[in-house]
Each structure stands twice: as C-alpha cells, then as structure tokens.
Amino acid sequence: MPRKNPGMAGGRRETPPASFYGALRGALRAWFRAHARPLPWRETRDPYAIWVSEVMLQQTQIATVIPYYVRFLEAFPTLTHLANAPRERLLELWSGLGYYRRARYLHQAAQHLREKFAGRIPSDYVSLRALPGIGDYTAKAVLSIAFHQPYAVLDGNVARVVARLFALRGNLHQPQFRRAVEGELTQLLSRRLPGDFNQAMMELGQTICLPRAPRCPVCPLRKRCRGFDSGDPESFPLPLPRRTTESHYLAVALLRRGPRVALVRGLDEGVLADLWNFPAAFGPSLMEARERLREKLHLLTHLALSLGEPVADFRHSITFRSIRGSVYPVEGCRGIPREAVRWFDLTGLPQAAISQLARKIVQKISG
Ligand code: SF4
C-alpha cells in the first residue's frame, strides 16, 4: 500500500543526492534487462531502422506499428532503397498507419541524405534536426539509441514517470513544469547507456506506470517514488487540456465505370493530401457539402454531373475532425476527361495508397 506523505507533493523540494538518482538508474536498468519486450527495432542498432521506427511510433501504438515496420524494412532495407523508391510505393506501405506527412518527410529526408550525406544518417543533433520531419524528440531518440549519445528523450510516458517519481505538479503545456521534468530527467539519465535508459523509461511508462491505475506493487522504482509515497500517484501529472473535436459533414462522390471507381489525390481542404480518395467536399451541413461537391466535380471534369440519392452513410474521425457523411452516385461518367481522375479496379483498391476513409467507403459500397 502507498504510504501517505502529502508534504512531498508540493512546495519547495529538496534536491536528492546523486546516490538517489544512481539507485533509481540501477533499479530501472535491472528491470529493463529482465522485462524488455522483444520489439523488432530493439534487435538492431542500424540508425536507419531506428529512425524509421521512431517516425512510425510518433502518435501511433506499438502494436499497430510492428507489421508496418516489418513490411517497410522488407521493401526498403536501406536508406538508399527508400530514397530511390517512388513515393506512391511508400504511401502504399504507409496506408492505414495515419499521419501521412510522416511518410512524405521520411522520403524527402532520405533523398536529402542520399545526395548530401552519401546515404548515411548523420550522428550530430544539428544535422538531424535540419531534416524534414525530425523534431527534437526523434533526433534525441535516434542519437541516444543508435549512436549512444547522452540525450534524454521526453514524451508523454516519460513525463508521467518523472512527474510521479519526483511528485511534480503541472502538465507538459506549462513551461515551468516541463523545465522541472527535464531537469530531473537529465539528472537521472544514464550517460553510459542512454539508449537503453530512454527505452526503459518509455517501457516503464507504457507497461507499469500507466496513466490510470499504475502498477506500483510491481514497479522497480517504488521504493524511491515520491508519487507513490504521496498515496495518490495518479494525481501526477495534471491532465493536458483536451482539444475540442470539430464536427464536419462530408459529401462523397461515387463515380463508376463497370468494376472501376474514380479517385483523386487528397480529400478536401488539404486533408489527406498524399492519399487517393473518392472525390469529396466538406461543409457545415450535409446539404452544403453536397452542393460544394457538385461544384467541385464541375471544376474537375468540366461536366454538369448530377448526384443521385445517397447509397451509404458513414462516420469517421481524422485527428480532431469528427465527420458524418454520405456517398452519392454520379451519373454520366463516360465523358469524364482522362486526366481529371484516376480509375481503380474496386478489387485492387485495398493494396493502393488510399485513405482509411476510402477503405471504409469501399467496404460500405461493396457490402
Ligand atoms: S511506483 Fe507507481 S507511480 Fe511511482 S513510478 Fe512506479 S508505477 Fe509510477
């Protein structure tokens, strides 16, 4: 049972001695050696493979990433393979993983490294940070794991563990809290094995120090955890303010020629810009979205196409957009100019670089 010690949770705190950090580090290291999950990117020190894993893991669950990571590295075993690949192939392999900008940046960065760094991943922070799609977190993760450089990485899981260990109040949007967490994390970092340390902290946050109901009784750091001592570890850190969800309506056009359907790049308003989608338009109501779709089809095809009665309704979420929509069949598809759309065989669509929404619509209209 946690020991009640509310005095630890607020006000001025004493800086722990170096031996305190050393003991935490030792306990964490021993636990990680015994309990680390066998994830595919832990079987390599290849900076390229580690970079790919870190990009895929941004905002995506480990279980989702694993099959994508394995397929991706089979298709592009080296940075040069990736740089030389057509973007379409990259997007096909990324399809379903979400946040497609990551794939585009990965490709651009690989091409830049092929031209400027002879296909190698640079081992310095400034060069890595200058690459498209590599932020502070990814640069430090790659440098610590692949190049053993003493950078501590801070994500939501790690921040939660540190906030609880040192009973720090606040959330990551607050600069003072962030500085306090970074300060403790820097003290705690293993200079000798920074990559293992970072992975161990993330692992602890993902499997033991959970956001709800942390598994303190089996935690290797329990004896020195001030959050546990406080009797209420879940109260650290404070929750992040929630981003409000926006409601949108989407009208989708179904243009068919026998077994083929017409798709265009992007959805609407710059959303899913890299992927193939059914022609569609957003609107503040379904009626307005439908009207905008009609205008959009006219601009696209130079034909006065008419929309029939909806053949399917759907709900879908894309980041903070909560979408309700309908699919409208379109008459008179024979005269559509060749360059206006791309025709895909409906049965081959699941292998193409289409969005999750397009996948959902295919299921609806095929069912
Ligand atoms: S003892 Fe509990 S609160 Fe503290 S780090 Fe471990 S799981 Fe988290």
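Good morning. The centres of domain 1 and domain 2, taken over C-alpha atoms, are separated by 38 Å. Domain 1 spans 6-235 and domain 2 spans 246-366, with bounds that come from an automatic or database domain assignment. This is a predicted model, in which local features need pLDDT of at least 70, side-chain atom pairs count only at pLDDT 80 or more, and totals for chains, interfaces and linings use all residues. Residues are numbered from 1 along each chain as its sequence is written.

I begin with the domain contact. Seven residues of domain 1 and eight residues of domain 2 take part, where contact requires C-beta atoms, placed from the backbone, within 7 Å. On the side of domain 1 that touches domain 2, helix H5 (residues 87-94) provides the largest share, three residues; helices here are DSSP runs of H or I, at least four residues, numbered from the N terminus.

I turn now to the ligand. Which residues are the closest to the ligand? They are Cys 209, Cys 216, Cys 219, Cys 225 and Pro 233, among 15 residues that surround the ligand, each with its C-beta atom, placed from the backbone, within 6 Å. Helix H9 (156-165) gives the most to this shell, three residues, and helix H12 (226-230) supplies at least two.

H9 also meets helix H10 (residues 175-188): their axes, lines fitted to C-alpha atoms over the stretch in contact, come within 10 Å and cross at roughly 85°. H9 is therefore roughly perpendicular to H10, a term for angles of 65 to 115 degrees between N-to-C directions, on a scale from 0 to 180. Val 158, Ala 159, Val 162 and Ala 163 of H9 make the contact with Val 181, Glu 184 and Leu 185 of H10.

How values were computed. Angles under 35 degrees count as roughly parallel, over 145 as roughly antiparallel, 65 to 115 as roughly perpendicular and the rest as oblique. Two residues are in contact if their C-beta atoms, placed from the backbone, lie within 7 Å.
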